[in-house]
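The stops below are meant to be selected in order.

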Amino acid sequence: MRASTWAAVAAAAITLMTTGCSPKRAGASSPSVAAPVGTARYDVHVDPWFSLHSFAWNAARNASGLKLRSRARIDDVDRALLERPDIAQAFAPLAAAYAPTFDMHPLFSKELYGIGLAASLDRSQLDPALREALEAFMPVYRTHFWPRHEAEALAMKNDLEGALDRRGDRMAAILADSLGSEWGELPIRVDLVPYATRAGAYTSQRRIVIAALDPDMRARPLEMVFHESSHRAPLGDRFEAAAEAALARHGLANERFWHHLLFTASAMAARDVPGDDYVPYPVAVGLAGGESKPWYDALFAVWDRHETLEARADAAAAMVAANEGR
Ligand SMILES: [Zn+2]
């Protein structure tokens, strides 16, 4: 779906809301908010050691020349710095120390996830060679990279906290309502780093990690933090079962349908709060196009006609199946 199409869908939905003839949105347009939480919903960290770890792992694997999946793009400023002979020489031992982890994922690999935690919380837990390489490179990082990485991350933190104060409670209530779930324990730790993965963010029960140098993340701090929060329990507990039941009922298969549901829920909550000129992430970056287009088109079309995640998943799957002639 192109941005202009999205804007038309959003504008139509907002018209329905304001004229009071929408079959759905009543619950969502007046969500029950117990007490304002605002910025206290998240505990946002901008940490030089975790940033160095995230930067070094991404930069080193990108420069490795190996055939690796999902590389995060290193931006032009950082690439130019890494090519300077003095910096390249200082970076080489750190790149070598990270080499055994190039095949790992920062979230799905226990080992690499543990390195990230140790880098930010307790470096004595690190493998001595990696620890030595990180500590040796840190002065170079602080001089040449960190001032910009920190400034960008702090600017994103500022934008996020401003948005949370203005709109966070309302959007949080809409999201929990549409997921038929609740937020669970607050605050949630968020780490803003220069680079995360190619997807720009990842989430565990302990922390949400977001790339502040990713312009698509940077432009949508509220939606992205709420999207990532939907990956956690208990807020996101119902996606997989809702998706599987809907697919089975309509004879379909799609391993990513649960994530399309998740993207749509946070996009729809963002549509209802920041406003009708807002372009949500899956539309902006093209995730709602290509092979996934029939699924997103169906989800966007049925969302306002139903009350629950399960009913929306079912109606979207029914529409996809009908369009496929099943
Ligand atoms: Zn996601």
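At what angle do helix α10 and helix α12 pack, and how far apart are their axes? Select residues 221–229 for α10 and residues 257–272 for α12: in this predicted model the two pack at an angle of about 145°, and their axes are 9 Å apart. The crossing of α10 past α12 is right-handed.

Next, show the side chains at this contact. From α10, pick Leu 222, Glu 223, Phe 226 and His 227. From α12, pick Leu 262, Phe 263, Ser 266, Ala 267, Ala 269 and Ala 270. Coloured by type, the residues of this contact come out as seven nonpolar, two polar and one charged.

Move to helix α11, residues 239–249. Its buried residues are Phe 239, Ala 242, Ala 243, Ala 246 and Leu 247. Look down the axis of α11: these buried residues fall within an arc of 120°, so they line one face of the helix. In general, an α-helix has 3.6 residues a turn, so residues three or four places apart point the same way. To see what covers the buried residues of α11, display α12 and α15 (309–323), which are among the covering elements. After α11 comes Gly 251, with a positive phi near 65°.

Last, select strand β1, residues 42–45. Tyr 42 and Val 44 form its covered face, while Asp 43 and His 45 are on the uncovered one. The bridge partner of Asp 43 in β2 is Arg 189.

Definitions and conventions. Residues numbered from 1 in each chain as written. Predicted model: local features only at pLDDT ≥ 70, side-chain atom pairs only at ≥ 80, totals over all residues. Buried ≥ 20, exposed ≤ 12 C-beta atoms within 10 Å, placed from the backbone. Helix = DSSP H or I, 4+ residues; strand = E, 2+ residues; numbered from the N terminus. Pairing = 2+ DSSP bridges. Axes fitted to C-alpha atoms, helices over the stretch in contact; angles between N-to-C directions. Left-handed = near helix turned anticlockwise from the far one by under 90°. Contact = placed C-beta atoms within 7 Å. Nonpolar A, V, L, I, M, F, W, Y, C, P; charged D, E, K, R; others polar. Arc of directions from axis to C-beta.
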